[in-house]
Amino acid sequence: SDYDGTFNDGDIDNLVINKYAVRLFMEKGNIFILNTGRPYESIIQEIERHDIDYSYLSCSDGLLLLDRQDNVVYRSILPESLYLELEYLNKEFSYFFRSNLTKFEYNNRILELMITLEKLNCRYMAKFTDILDRYYLDYERLDRQGIIYLFIREKNYSKATPIRRLAAIYKVKDEDIYSVGDTWNDIPMLKEYNGYSMEQGTDDLKEFPKISSVHELIKRMGK
C-alpha cells in the first residue's frame, strides 16, 4: 500500500481501521509492504507517530527496502561525486535563475537527488543531461505550481521493484499480490499487481478499479 492519500488518507477513523486490518492480515501469515515515495526520515516519523505496523518498508519510490527490524534488503546508491558535479552546475548558473539541490540519504549514502528550478534553461539542461549520461542515470520531471522538479535516480526502480524482489524471495505468484495507491507514482505497482485506485485518486489512475480504503481491499481479498 501507498501511504499518503491511501493508507493515511487524512481520515483518522480510516487510519485506525487500516492499522487494525493490517495487523490481522499479517497475523494470518500475509506480507504487507508500506510502499511510499517519502524518504526514510520522513516516513519513519509517521510510523512512530501513528504506531503503524508492516512487514517491509519501501521508501523513495522503491529505492530502499527495509524489513521490520530496519535491515536493508536492498538499496540504490548514487555516488557523492554526482552530487558535487550537480552542485557545481547550479552554482555556475546561479546568476541566471534560482535552483536548489537536495539529497535524500539513508545511513549517509545518497539514494536520490532532487533539483528544483524556477525556469528551464537550454544550456543548463544540456549540461545536466550530459552529467547524467556519464553516470548512466535517468531523471524524472514534475511541474507543480510554477516550480520544476527534477528527480535523479538509478534507472528501472519504481514502487513495483520491492514487490517484485519480495515475490521472488517468498515465491508468491503475481495473481496473489494486490496493490493500492492514489497518484501517478503508484502506477508501476498498480499495473503489475492487481492494482486499485483510491476513490479520490488522481486522473492518472482512471484505468484502475476504485476502492474506498486499505481495509476494504483486505476484506475484498478475503485474506
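Colleague: What makes T116 part of strand 6?

Modeller: Strands here are DSSP runs of E with at least two residues, helices are runs of H or I with at least four, and both are numbered from the N terminus. T116 falls in strand 6, residues 109-117. Bear in mind that this is a predicted model, where local features need pLDDT of at least 70, side-chain atom pairs count only at pLDDT 80 or more, and totals for chains, interfaces and linings use all residues. Residues are numbered from 1 along each chain as its sequence is written, and side-chain values use heavy atoms, with hydrogens and water left out.

Colleague: Why is T116 called buried?

Modeller: Buried means under 20% relative accessible area, exposed means over 50%, and partly exposed is in between, with a 1.4 Å probe and protein chains only. T116 has 16% relative accessibility, so T116 counts as buried. Strand 6 is mostly covered too, with eight of its nine residues buried.

Colleague: Which residues does T116 touch?

Modeller: Contact means heavy atoms within 4.5 Å. Leaving aside residues up to four places away in sequence, T116 touches R98, S99, N100, I147, I148 and Y149.

Colleague: How do you know that strand 6 pairs with strand 5?

Modeller: Two strands pair if DSSP finds at least two bridges between them. Strand 5 (residues 99-106) and strand 6 are joined by eight bridges and run antiparallel. Across that pair, N100 stands opposite T116. The hairpin made by these strands has two residues between them, and N107 takes a positive phi near 55° there.

Colleague: And which way does strand 6 pair with strand 8?

Modeller: Strand 6 and strand 8 (residues 147-153) are antiparallel, with five bridges. I148 in strand 8 is the bridge partner of L117.

Colleague: What makes R153 and E112 a salt bridge?

Modeller: The rule asks for a side-chain nitrogen of Lys or Arg within 4 Å of a carboxyl oxygen of Asp or Glu. R153 and E112 come to 3.5 Å, N to O, and form a salt bridge. R153 sits in strand 8 and E112 in strand 6, 41 residues apart, which makes this a link between distant parts of the chain. R153 and E112 are both buried.

Colleague: How many salt bridges turn up in the whole structure?

Modeller: The search finds 15. One of them pairs E92 with K127, whose closest N and O atoms are 2.5 Å apart. E92 is in helix 3 (residues 80-92) and K127 in helix 4 (residues 122-134), so the pair ties together parts that are 35 residues apart in sequence.

Colleague: Are E92 and K127 buried or partly exposed?

Modeller: E92 has a relative accessible area of 31%, so E92 is partly exposed. K127, at 33%, counts as partly exposed as well.

Colleague: What about D186 and K159, how far apart are they, N to O?

Modeller: They meet at 2.6 Å, a salt bridge. D186 is in the loop between strand 9 and helix 6, while K159 is in the loop between strand 8 and helix 5 (160-170), 27 residues apart. Both are buried. Salt bridges with shared partners join D2, K159 and D186 into one network.

Colleague: What makes the β-α-β unit right-handed?

Modeller: Point the strands away from you: the crossover is right-handed if the path from the first strand over the helix to the second runs clockwise. Strand 9, helix 6 (residues 187-192) and strand 10 make such a right-handed unit. Strand 9 (residues 179-181) and strand 10 run parallel with three bridges, and S179 stands opposite G195. Strand 10 (residues 195-198) is covered on both faces, with G195 and S197 on one side, Y196 and M198 on the other, and all of them buried.

Colleague: Last one: why do strand 1 and strand 4 count as edges?

Modeller: They belong to an open sheet of four strands, ordered 1-2-3-4 with mixed pairing. Strand 1 (33-35) and strand 4 (72-75) each have a single partner strand, so one side of each is left without a neighbour in the sheet. Strand 1 pairs with strand 2 (residues 56-59) over three bridges, in the parallel sense, and L34 stands opposite L57.
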